[in-house]
Amino acid sequence: MAELNLDPLHWMRPGTLQLSSLPPLTVYIHLPWCLQKCPYCDFNSHAWRDGDLTQAEQRYTDALLADLDASLPLIWGRSVQSVFMGGGTPSLFSPESIERLLSGLRARLRWVADAEVTLEANPGTFEKDRFRAFRQAGVNRLSIGVQSFYDRFLKPLGRVHDAAQA
């Protein structure tokens, strides 16, 4: 089996990709925990069982940053223009873990000045002070998972929120 060439300059040589400059990066970060697993969801996500994600958050953040470190040769020289944290329900992670993750990305990669940093959240997991802390961590956009504004549709979907919360 042929080994993958990880040198970005290899892929920019004539005959492969011909770019006048390196394209910006958009980074997707998958945080796979939810309050419960919805029956329609095909994503890698897991019910948050024990009520305390602190140790899992730390280990998972360490693993994500280690994975980024291993990928740096592939993306070196490119600027981050967008970060999207999806899942799962990333807003279940503590603001401290989100800040540590974003700080780790900033320490390793160049960012454009107005980079968009999105955190996916679900109704029923909102707390004003928590979102203020996410903002301080660097999140500047929310993606709110609302599948319906009608209780009769939300219940069979297994959603933990109701129409009023949505």
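The model is predicted: local features need pLDDT of at least 70 and side-chain atom pairs count only at pLDDT 80 or more, while totals for chains, interfaces and linings use all residues. Numbering runs from 1 along each chain as its sequence is written, and side-chain values use heavy atoms, with hydrogens and water left out.

Select residues 95-108 for helix 3 and 128-137 for helix 4; helices are DSSP runs of H or I of at least four residues, strands runs of E of at least two, numbered from the N terminus. Their axes come within 9 Å and cross at roughly 10 degrees (lines fitted to C-alpha atoms over the stretch in contact, angles from 0 to 180 degrees between N-to-C directions). The two helices are therefore roughly parallel (under 35 degrees).

Next, show Pro95, Ile98, Glu99, Leu102 and Arg106 of helix 3 with Arg130, Ala133, Phe134 and Ala137 of helix 4, which make the contact (heavy atoms within 4.5 Å). These residues divide into 6 nonpolar, no polar and 3 charged (nonpolar: Ala, Val, Leu, Ile, Met, Phe, Trp, Tyr, Cys and Pro; charged: Asp, Glu, Lys and Arg; polar: the others, Gly among them).

Now colour by pLDDT (the predictor's confidence in each residue, from 0 to 100). The protein averages 84, and 86% of the residues score at least 70. Confidence is highest in helix 3, at a mean of 96, and lowest in helix 1 (residues 8-11), at 68.

How values were computed. Angles under 35 degrees count as roughly parallel, over 145 as roughly antiparallel, 65 to 115 as roughly perpendicular and the rest as oblique.
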